[in-house]
Amino acid sequence: MSPRHVPASVTELARVGLFATLPGETLGKLAERMQRDEVPPGTVLIREGQPGDRFYVLLSGVAGVSQTSLGERGIIRAGEFFGEVALAMNIPRTATITTMTPCVVASCDAAAFDGDGL
């Protein structure tokens, strides 16, 4: 049995700077295609070197960014996004993102990231 798809809400996405200027209809279509997940602290959302198949937006919480060769690189906070490099450049993930606090993330697959059907 697969988990039920819970879409992100238009209200949540509208608070993200990246999406703030999108027309309401486009934002609604995007929200339908973005899956919303509540994630506990210590969860690896993406792992460096793995294939990229999803784009993420952090709706709440804090996550850490690390790279094998450079160690801890920074922090991602609510309203910021990640995972775009692997999708846009068709390369493996360039960093590992791990939740530091309880987080809510919205993510979409490569087709939605590319704007197919929006």
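Trainee: How many helices and strands are there in the protein?

Mentor: This is a predicted model. Read along the sequence, its elements follow the pattern α-α-β-β-β-β-β-β-α-β-β-α. The protein has four helices and eight strands.

Trainee: What radius of gyration does the protein have, and what would a compact globule have?

Mentor: The C-alpha trace spans about 40 × 35 × 30 Å along its principal axes. For 118 residues, a compact globule would have a radius of gyration near 13 Å. The value for the protein agrees with that, at 14 Å.

Trainee: What share of the contacts with a separation of 6 or more comes from residues 24 or more positions apart?

Mentor: A contact here means heavy atoms within 4.5 Å. Among contacts in the protein with a separation of 6 or more, residues 24 or more positions apart account for 73%.

Trainee: Is Cys103 buried or exposed?

Mentor: Buried means under 20% relative accessible area. Cys103 has 3% relative accessibility, so Cys103 counts as buried.

Trainee: How many disulfides does a search of the whole structure find?

Mentor: A disulfide needs two cysteine sulfur atoms within 2.5 Å. For Cys103, the nearest cysteine sulfur is that of Cys108, 18 Å away. Cys108 is likewise in no disulfide. The number found in the whole structure is zero.

Trainee: How far apart do the centres of the positive and negative side chains lie?

Mentor: The protein has 10 positive and 13 negative side chains.

Terms used:
Residues numbered from 1 in each chain as written. Predicted model: local features only at pLDDT ≥ 70, side-chain atom pairs only at ≥ 80, totals over all residues. Heavy atoms only, no water. Helix = DSSP H or I, 4+ residues; strand = E, 2+ residues; numbered from the N terminus. Rg over C-alpha atoms; globule rule 2.2 N^0.38 Å. Lys, Arg positive; Asp, Glu negative; His and termini not counted. Charge placed at Lys NZ, Arg CZ, Asp CG, Glu CD. Buried < 20%, exposed > 50% of the residue type's maximum accessible area, 1.4 Å probe, protein only.
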